[in-house]
Amino acid sequence: MNLNEKLAVTGLVPVVKLKSADSAVALAEALGKGGLKAAEITFRTDAAEESIRRIAKEFPDFLLAAGTVLNCENADRAMDAGAGLIVSPGLNPKVVEHCIKKGYPVMPGITSPSEIELAMSFGLDTVKFFPAEAMGGVKMLKALSAPYGNLKFMPTGGIDSGNLQSYLELPCVLCCGGSWMVKGDLIDSGNFDAITELTRQAVDSMLGLKLERATLNSNCGAELKEHCGKLGMEFSDKECGACFSCNDVQRAVWYMEQRGFEIDPTRLEYDSKHRLTKAAFKAGNAVIRLEKK
């Protein structure tokens, strides 16, 4: 899985400002428990480089980006510390050129067609749209992306649980950046349980899993059948299980695999654009099915 594919299935990258590197590992652990093994550590404080280094060492499978990288020196420091992606709020040609020459994955920020075309002139296929809400949000992003069909965006700035899905539904959006689950006061007070819970809620909202129907087989007891029948559950002679709808099947599959579910490769269905629309997981003697809403 390449970087863009990993960003796409992750869907949401927490944007983090750390005042002390001593909080870095605990923060990453809290995010991971909530379901997100990703973070953009911003170079807005002197703790950024060491924070990236500690997280990269403790959690090598973490998707780590360095954010607010405004110069070539910080890009070098971030990559040496273990970052896998350089992100900046704007497009500084010197920084972009430096990263490309060094082989660093880089995602500069844009707000206009001219900046998009400058990014494309460097051969980039993914950019950050920042500050997203202040610059017109979903409506502006639709307009910007229309002439540039192959370009992908990571909108960041003003995104929260209330508008996250409206961005992710856009075909041009690779993933989103957000900070509502990693608020500074929670980090400063060491309230990592709250960060875990907010992260879990964010992931649940993003996936949008909803039980549509459940099926029991003839091996179920009569009393169970009676009660489940009242709830509208179906019965089958072949298998028991449940069917969930979700916002994005590919993303839901990836998150379920992270939680230990075993996918059934024979029960994957795709649309004409090769997007996954249905999938199934083995759960003991039962089957869990996923389908696009």
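These questions and answers concern a predicted model of a protein.

Biologist: How many helices and strands does the protein have?
Modeller: The model is predicted. Its secondary structure has both kinds of element: 12 helices and 16 strands.

Biologist: What radius of gyration does the protein have, and why does it agree with a compact globule?
Modeller: The chain has 293 residues. A compact globule with 293 residues would come near 19 Å. The protein agrees with that, because its own value is 21 Å.

Biologist: What share of the residues is buried?
Modeller: Buried means under 20% relative accessible area. Of the 293 residues, the share that passes is 48%.

Biologist: Which residues of helix α7 are buried?
Modeller: Helix α7 covers residues 137–145. On its other side, K139 and K142 are exposed. The buried ones are G137, V138, L141, L144 and S145.

Biologist: Why do the buried residues of α7 line one face of the helix?
Modeller: An α-helix has 3.6 residues a turn, so residues three or four places apart point the same way. Look down the axis of α7. Its buried residues line one face because they fall within an arc of 125 degrees.

Biologist: Which elements do the buried residues of α7 pack against?
Modeller: Packing here rests on contacts, with heavy atoms within 4.5 Å. The partners of the buried α7 residues include both strands and helices. They are β6 (109–110), α6 (113–121), β7 (126–129), β8 (152–155) and α8 (164–168).

Biologist: How far apart are the mean positions of the positive and negative charges?
Modeller: The protein has 34 positive and 37 negative charges. Take the mean position of each set.

Key:
Residues are numbered from 1 along each chain as its sequence is written. This is a predicted model: local features need pLDDT of at least 70, side-chain atom pairs count only at pLDDT 80 or more; totals for chains, interfaces and linings use all residues. Side-chain values use heavy atoms; hydrogens and water are left out. Helices (H or I, at least four residues) and strands (E, at least two) are DSSP runs, numbered from the N terminus. The radius of gyration is taken over C-alpha atoms; the globule rule is 2.2 Å times the number of residues to the power 0.38. Buried means under 20% relative accessible area, exposed over 50%, partly exposed in between (1.4 Å probe, protein chains only). Lys and Arg count as positive and Asp and Glu as negative; His and the chain ends are not counted. The place of a charge is taken as NZ of Lys, CZ of Arg, CG of Asp or CD of Glu. The arc is that of the directions from the helix axis to the C-beta atoms.
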